[in-house]
Amino acid sequence: MFDKILIANRGEIACRVIKSARKMGIKTVAVFSDADRDALHVQLADEAVNIGPPPSTQSYLLMDRIVQACLDTGAQAVHPGYGFLSENSAFCELLAKAGIVFIGPKTRAIEAMGDKITSKKLADEAGVNTIPGYTDVLRDAEHAVKISNELGYPVMLKATAGGGGKGMRVASNDDECRDGFERAANEARSSFGDDRIFVEKFIEEPRHIEIQLIADGHGNVVHLNERECSLQRRHQKVIEEAPSPFIDEETRQQMGAQAIALARAVDYESAGTVEFIVDGQRNFYFLEMNTRLQVEHPVSELITGVDLVELMIRVADGEKLPISQADIGINGWAMESRVYAEDPFRNFLPSTGRLVYYRPPVEDAHVRVDTGVFEGGQVSMFYDPMIAKLITYGADREEARAHMRTALDRFLIRGVSCNISFLSALMVHPRFVSGDMSTNLIGDEYPEGFHPTDLPQEDPSIMVSVAASMVRSYRDRAAQIDGQLSGHERRVPKDWVVVMNNEYHEVSIVPVEGGHDVEYRDKTYAVRSNWQFGQPLFTGTINASEIFVQVERRMQIYRLFHNGSQANVMVITPRTAELLKIMPVKAPPDMSKFLLSPMPGLLVSLSVKEGDTVSVGEELAVLEAMKMENTLYAERDGVVVSVNFEPGANLAVDDKILELE
Amino acid sequence: MQEIVEQLEQKRKAAALGGGQSRIDIQHSRGKLTARERVELLLDEGSFEEWDTFVEHRCTDFGMSEKKITGDGVVTGYGTVNGRVVFVFSQDFTVFGGSLSEANAEKICKVMDHAMKVGAPIIGLNDSGGARIQEGVASLGGYADVFQRNVLASGVVPQISVIMGPCAGGAVYSPAITDFIFMVKDSSYMFVTGPDVVKTVTQEQVTAEELGGALTHSTISGVCDRAYENDVETLLMVRRFINYLPANNRDRAPFRPTPDRADRMEKSLDTLVPDNPNMPYDMKELVYKVSDDNEFWELQPEHAQNIIIGFSRMDGHPVGVVANQPMVLAGCLDIKSSIKAGRFIRFCDAFNIPILTFVDVPGFMPGTAQEYGGIIKHGAKLLFAYAEATVPKITVITRKAYGGAYDVMASKHLRGDVNLAWPSAEIAVMGPKGAVEIIFREDIGDEKKIAERTEEYRSKFANPFIAGSRGYIDDVIAPHATRKRICRSLAMLRDKKLDNPWRKHDNIPL
């Protein structure tokens, strides 16, 4: 076995690999860019080597530096994680030349599967289902109609040079097909300078289901069942699970057999994933094969008990697989939520900065957290915004989902925005609950993006009783202050009003051992907790059932987060409540006259100056953030009355760049 | 007897209605509470004892003898906030527009005198159209009587003003003398001369809100210490604020128990200061994370944001926190921030509240605006305040402590009791780049040499050791242990005794 391996990656996956290596008694070497000097993977590894400046093109993607780091530290093998150099055959060759083992498949497999056309041909030959289609270029619109009729509608017309949704058209009859052909060709010509079009059968409401497999260098290939990854936002997976709630045993066997056949066809070694697209009748078609460890591998690990990273290392060292297909069953259910540093309410814009609080739920038999960051660490603008994966496990899907909901409630992240509330909302979305998913789900259900109104509503009693208990604790403590008028000390009354989202809930709060009994709407809620003042997570029980509520105290208002829902709560005396009703309801200030910075970044240029008249949709400024130039447009007509920043300025979120009138 | 009791009931009922139901309705329709409702919210339930309910004015001119309202437009008395005594006056806008009469001023003076006698805070709830014009100079005299008491009470008992309606002309000077001013957004304003006079004299067109609203005073002028959304929020926050204040200048700031351990470690503070000395970070994170229960009661959060001031508790005991904010103007000192912090430090010193200073200061702000504005004298106020303070003073240097600003920010030389530094501290006359360009002027232009010299200077001075070798700092501490070290130091200093030489009073550079 290797004595020492290098992990050519960063973030959670580097940490994940280090964990398995450590378990196997293998020393680890981390590589890091200047931005990752204090990163978690650097802290966890036995050694760490700086490989350059923050941009990955100058660090994590520099093969020479990584090879040199191996030579300098004596690492005998490299685990590439995912992304970066994980599917780069040139890197494999470079390592091979230096006598270093690549923990992954052989070059031939990477190359064969890396090419869309080759892989499809190989899949065809290996007897893998591929999407029916005409792989040659269509001559003209009539040719397209003829082929489409042979395939059967609906079909998808695609530019061979296509990408990013451009040069793609769906057609469900001859007319649409003719029209779609012309449009796709025009678009392709203008976008890519290449108007070659081909056609495929179009799969409606497709699911994305993939087969995990692992192979050794001795001809053994085992599949570890499927993963359902249909919950995607703009082709980015959000929630994955294993097994799939949709697949039956027969389909599973067929998919597994085909995946293994494809692996054999390219003499595959190491962990790999064959991705399929599945239609409503459980017909499945080959999409592509990923020749690396995937982000969502933990769900497969949890239901099979296999440590994929360990097996990858063993196989790379020439060992035989210690398992055979017969050893692999499905034990329970696992789900994974990808935790991104992004703001779901701002169109999922990435969020960067310091993790003022970062407290993932405690790991146990039902909860696993693969994390790459720590409290006080930085989320850098240079890399992928995924900061952690939250994986839960249960006997069945319902149990795994229940654990996920609780675990999300406990996942505390402050300082950067995160998608926890979005994940919580998905967890209770009826279509997710019933398993009725497709890759279109998020786009269909949140066509205009995700808004606070999309947050699930829940029975107010939970928030009401938690707030009541917390605030009563504060008041009782306030009544313990020194210097009180002797004989006239403060006595905290028992009747209170909880004002939540402008509704008034009358409660009475009685302190008892270990918490409070809250009477609300003729019911008693026994709130018990060892929560302490100022703690951002309230952990306790209500009527003996466990509850986790995140809390932010802002003056008189307590902002509570639970099960994806949010509430602004005040707890006041009945008399105060009476007087509060007299207070004017103030409309939030009209911000539409301001151009606000949507994210932190650098103001690159301003397209207008004071006194200019602008109309809706006109370009106002360019902001650089996350290495991307973002153009900001006018949302209404108006005259620029003031410009508050000059190009070159560093902007924070919501900085008022300019004002319109 | 029975008759008197009945009469009493009637008088009380009448007084409770102030200017009458219709005026109360108008007050409510403006989103404002009445004087009595405000007192009710401010004090513990049922604790208010009203005095001088039956006072009436003595004016006979302009038909005023026909118009008498029991109480005469101000509600006065005392009560408790979390069991601690405070004296209160609350101007009643429903009675003659809350205008100040001779009799009404006497009521205010009476509670002020009592507050001084027993040593308890005075809270004024201001909502007044100004002087009772019908009374002429008698009303003016009333103002001056209040001013005089405000001045004598200054530094003896805490004085808090809450502006909950108009406060214009001479009337502003009573709040101005008090220690803290809170305002209600959209329904209060303060100015010496109103928009009409401004228009006549300077041709300037300005609304009352723009001229003296809560927003103006909490951002631009710094007159207001905190502004809140409405009467209810304001009064509830004032209740919370009083928890930090001692009853008088001989009292200790009130202890309140906390479950938060004094030796709690905050691992995340070890990465608070960025590697790059030019990168800002949020000093408030440090303030919140070291304070009891992560609570910090910030004052003037929107004004002179390059310095942070406010109250925290450490191990249950209140402290005044002053901290440079690297996020704003790199945390440098300027006129506004010096005044803001200087006055706050003097309050703490007057009322036995220890001062906790977090330093990351690159120096004083340069420029004509500052020099013409008198930064010399204003900056000196901050220095003066720190130097004269005899309460426990604890200083933690997190990063930069450059030049004269190092001296000013509660340095050892200004009788800092415990001066600690993080390993990232750089205590020097100036930053490495600037220093090298002066010391090695001949090398300017030779980038390589300058870089070398800068590195040399950095390794020599950009650390806490030189200052440590001279005893200017007592220890270098791990950031995660900051809370523990502060709490221990404060406990050690609890019985500190230090007196300044006798004098009539000092002569701070006003």
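Helices (H or I, at least four residues) and strands (E, at least two) are DSSP runs, numbered from the N terminus. The model is predicted: local features need pLDDT of at least 70 and side-chain atom pairs pLDDT 80 or more, while totals for chains, interfaces and linings use all residues. Residues are numbered from 1 along each chain as its sequence is written.

**View 1. A:Asn347 has a positive phi, near 55 degrees.** A:Asn347 sits in the loop between β16 (342–343) and β17 (349–350) of chain A. Its relative accessible area is 46%, partly exposed (20% to 50%; buried is under 20%, exposed over 50%; 1.4 Å probe, protein chains only).

**View 2. B:Asp315 also has a positive phi, about 55 degrees, and is not a glycine.** The loop between β11 (307–314) and β12 (317–324) of chain B holds B:Asp315. B:Asp315 is partly exposed, at 31% relative accessibility.

**View 3. A cis peptide bond joins A:Tyr153 and A:Pro154.** Omega is about -5 degrees. A:Pro154 lies in the loop between α7 (141–151) and β7 (155–163) of chain A.

**View 4. A cis peptide bond joins A:Ala242 and A:Pro243.** Here omega is about -5 degrees. A:Pro243 belongs to the loop between β12 (236–242) and α9 (249–265) of chain A.

**View 5. B:Asp186 and A:Lys586 form a salt bridge between their side chains.** The N to O distance is 2.9 Å. The rule (a side-chain nitrogen of Lys or Arg within 4 Å of a carboxyl oxygen of Asp or Glu) finds nine salt bridges across the interface of chain B and chain A.

How values were computed: Chains lettered and ligands numbered in written order. Heavy atoms only, no water.
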